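Welcome, and please open the model in your viewer. We will go from stop to stop, with something to select each time.

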Amino acid sequence: MGEKNPATDESQVPAGVASAGRAYHQKRNVKIIVDSTADYAPGVARQLGVEVIPFTYVTPEGEKTDDMWEHTDPHEFYEHMRKNPDEHYTTVAVTPGRYLEYFERAAEEGLPTIYLGLTEGLSSAINNARTAAEMVREKHPDFEIYVLDTKVDSAAGELLAIEVVRLAANGMSAKELYEWASDARNFIHGYFTLDSFDALAAGGRIPPAAATVGGKLDIKPELSYDLNGALTLRGMCRGRKKALRAIMQDFRENYAKDPSLPLAIVSSDADKDADWLEKEVRKEKGCEDVAIIRSTVSPILGTHVGPGMVALVFWGTDRREKISLTDRIARKVKKD
């Protein structure tokens, strides 16, 4: 009794997140809606002042709502998955009707609204959000609402939301935020590895035979997401440590080297490896004091990747053409 659940301990939220949230709340010229799949660190979504639409997942005990670990212990959740590999977990896309509830309330508030949703590369939910937005526009033709497919997953969505809030606090309109985020999403990199292929095989994302062979040979994948937000395999490593080193190599090659932008490390009950990644990042020049946001993979994504996933997410080069965000801005200024 009395022990803090690490997944809900807000003590590590970077000061910059809280200050951005306060400034956004005072400005309040745009309503920002997100969803629970961005694997927010404890307190980050609350301090940003964004509204969160929870996704739903199904366990052997039935359907549950992702409350970002408020009433569920993540270690127990993932440990149960480890001990019961034959049990089936799945997720349920948010329906148009559910989105409609949130968007209708936003229309009643009257503030221009932007929704940052999970990539279509992993879920059909964003199309349901678009349908709901069209329904609201028909009923409220003067209401301004934008639905953005973030084309990223997990804490990459969290990093994008932080900057959207920061820019909203600086006076950007909903339309400007939508246009900015449509471009900026291409500068967020995420690299991760899994402990096993079992969850991906159970979800039909890879053949069961491949999962079996991978386990026997101690093969660990390094994965990322492509420009459409779908999972992509970057390489196969013999052993966990080599996979973690591959993640760090991608970080060195693609990091924006801007200490004003936070990084994120997220895992599904793999704290030791998350600690290792943070320690290695801190060794890199210019990263000694950069804000690193630590969080736990939500049960939504966790049902598909299983226990033992660990990821490093950061702002970096343009994934479309390998140039940095700073260089892209400089190029635009020259053209103007």
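Which residue just after α4 takes a positive phi? Select G110: its phi is about 90°. Before moving on, note that this is a predicted model, in which local features need pLDDT of at least 70, side-chain atom pairs count only at pLDDT 80 or more, and totals for chains, interfaces and linings use all residues. Residues are numbered from 1 along each chain as its sequence is written, and side-chain values use heavy atoms, with hydrogens and water left out.

**The whole chain**

Show everything: there are 13 helices and 13 strands. Helices (H or I, at least four residues) and strands (E, at least two) are DSSP runs, numbered from the N terminus. Of the 336 residues, 54% count as buried, meaning under 20% relative accessible area with a 1.4 Å probe, protein chains only.

**Stop one: α4**

Now select residues 96-109, which form α4.

**Stop two: α4 with α5**

On the α4 side of the contact, look for P96, Y99, L100, F103, E104 and A107. Among their partners in α5 are A125, N128, M135 and K139.

**Stop three: α6 and α7**

Select residues 155-169 for α6 and 174-184 for α7. These helices pack at an angle of about 150°, with axes 11 Å apart. L160, E163, V164, L167 and A168 in α6 meet L177, W180, A181 and A184 in α7.

**Last stop: α10**

Finish with residues 240-254, the 15 residues of α10. From first C-alpha to last, this helix reaches 21 Å, close to the 21 Å expected. Its buried residues include R240, L244, I247, M248 and F251. What do the buried residues of α10 pack against? Show β8 (188-193), β9 (219-225), β10 (231-238), β11 (263-267), α11 (271-283) and β13 (310-315) to see their partners.

Methods: Expected span 1.5 Å × (residues − 1). Buried < 20%, exposed > 50% of the residue type's maximum accessible area, 1.4 Å probe, protein only. Contact = heavy atoms within 4.5 Å. Axes fitted to C-alpha atoms, helices over the stretch in contact; angles between N-to-C directions.
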